[in-house]
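Biologist: Could you walk me through this model before I set anything up with it? I'd like the overall picture, then some local packing.

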Amino acid sequence: MQLKRVVITGIGAVTPVGNSAPETWESLIEGVSGIAPITAFDASLFKTQFAGEVKGFDPSSIVDRKEARKLDRYAQFSLYVADEALRDSGLNMEAEDRSRIGVIWGSGMGGLKTTEQEIIDFAQGDGAPRFNPFMIPKAIPSIAAGMISIRFGLGGPSYSVSTACSSSSHAVGSAFDQIRLGHADVLLTGGADADVTYTGIGGFNSMHALSTRNDSPSTASRPFSKSRDGFVLGEGAACLILEEYEHAKARGARIYAEMVGVGMTSDAYHMTAPDPDGKGAERVMRLAIQDAGLNPQDIDFINTHGTSTPLGDVTEVLAIQRVFGDHVYEMNLDSTKSMTGHLIGATGAVEAMTCVMALKDGIIPPTINHDPEDVDEQIDYRINFTFDKAQKRDIRYALSNTFGFGGHNACLVFKKWEE
């Protein structure tokens, strides 16, 4: 069958560096760090006392105070970015067949804060099993997709994807497939997580996964540098409006970019560690490029997973080198996690948005916090990691990598918009 073309016609974001997509993009281009000491709770007893928090977020623009109490922070983020993306797309919802519009959403942890608080309240209570009647719907990872569908009256496919750190990339890839197969005209897709909580910080600390650079939070996320000591936990959300091209064309939509490929693999190796040979990462990039009908030499820019972990950064770079060969020296790579931290289930959507905007504006955000003297002998620094400052470049194809606990890998390919 003839697959349909899929374009991006709207974006929304709330991140540690901005409470909208334009603000986030501008901060990324400027190399702004969103990492700072934790304000949501007293983190003084934890080994890590900083994170990438969303700052000054007010859900009242999308839900009233009563309704906000029924939603976990991650679901509030989800509604907020979906609303922004829909407004940005210019879709006239009154004129649309909403049975052909759906939601595919990613979240790694769902309502972690809700679950945490309910258990604390129970443990500190008188032993009676008193739980909030909204506890379960607030906590489940699928409620964000449901609430977006309800809010905007969307009757198309609606479901959630939970594959740890690759959740929203899997969601975007699944939305891409739904549209190109003709099952929907428009899909709101992306993801959200809000894991800067006692259990989020404590759990990742117990795994020795987080940076403990408490003396300098803003420089703690330092992908591809030898002194990296773990990732920085963040929170946020992003939404992309994926639309079938003819549908977008018919309504005169402004098009940001085209989505052309997706790959999905499993390391099948370890619960939390990546395969040290990077085989799953290598295969997922090859599959995505093949799905797009491209050769590796066509890719100009990779937004890497680049978490700033000792093993993860090395294995990803090695996998990239095997896929691209000498062409790796002709590309730009970056890691925007150096600025946002790791947004877990939201990270793939935020970084997909980064690729889309890089294609549109011809500029690549930097990887910040790298000292030229802080070199890892396992990493080839002839590769252009876009250290320190954004770089202007005419980009035709961009690739976004995300890899999650459990060995879940997803890779998305985007193309500069051309008729």
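**Overall picture and local packing**

Modeller: Of the 419 residues of the protein chain, 62% count as buried, and please keep in mind that this is a predicted model.

Biologist: What does the secondary structure come to?

Modeller: The protein chain has 13 helices and 14 strands.

Biologist: And what are the spans along the principal axes, and what is the radius of gyration?

Modeller: The C-alpha trace spans about 65 × 55 × 40 Å along its principal axes. The radius of gyration is 20 Å, which agrees with the value near 22 Å that a compact globule of 419 residues would have.

Biologist: What share of the contacts with a separation of 6 or more comes from residues 24 or more positions apart?

Modeller: Residues 24 or more positions apart account for 80% of those contacts in the protein chain.

Biologist: Switching to helices, how do α10 and α11 cross?

Modeller: The axes of α10, residues 279–291, and α11, residues 310–324, come within 8 Å and cross at roughly 40°. The two helices are therefore oblique to each other, and α10 passes α11 in a right-handed crossing.

Biologist: Which residues meet there?

Modeller: On the α10 side they are Lys 279, Ala 281, Glu 282, Met 285, Arg 286 and Ile 289, and these meet Ala 319, Ile 320, Arg 322, Val 323 and Phe 324 of α11. By class, the residues of this contact divide into 7 nonpolar and 4 charged, with no polar ones.

Biologist: Staying with α11, is Thr 315 buried or exposed?

Modeller: Thr 315, which lies in helix α11, has a relative accessibility of 5%, so Thr 315 counts as buried, the cut-off being under 20%.

Biologist: What does Thr 315 touch, leaving out residues up to four places away in sequence?

Modeller: With those left out, Thr 315 touches Pro 274, Asp 275, Pro 276 and Gly 278.

Biologist: New topic: which residues of α6 are buried?

Modeller: In α6, which runs over residues 143–152, the buried residues are Ile 143, Ala 144, Ala 145, Ile 148, Ser 149 and Phe 152.

Biologist: Which residue takes a positive phi just after α6?

Modeller: That is Gly 153, with a phi of about 65°.

Methods: Residues numbered from 1 in each chain as written. Predicted model: local features only at pLDDT ≥ 70, side-chain atom pairs only at ≥ 80, totals over all residues. Heavy atoms only, no water. Axes fitted to C-alpha atoms, helices over the stretch in contact; angles between N-to-C directions. Helix = DSSP H or I, 4+ residues; strand = E, 2+ residues; numbered from the N terminus. Parallel < 35°, antiparallel > 145°, perpendicular 65-115°, else oblique. Left-handed = near helix turned anticlockwise from the far one by under 90°. Contact = heavy atoms within 4.5 Å. Nonpolar A, V, L, I, M, F, W, Y, C, P; charged D, E, K, R; others polar. Buried < 20%, exposed > 50% of the residue type's maximum accessible area, 1.4 Å probe, protein only. Rg over C-alpha atoms; globule rule 2.2 N^0.38 Å.
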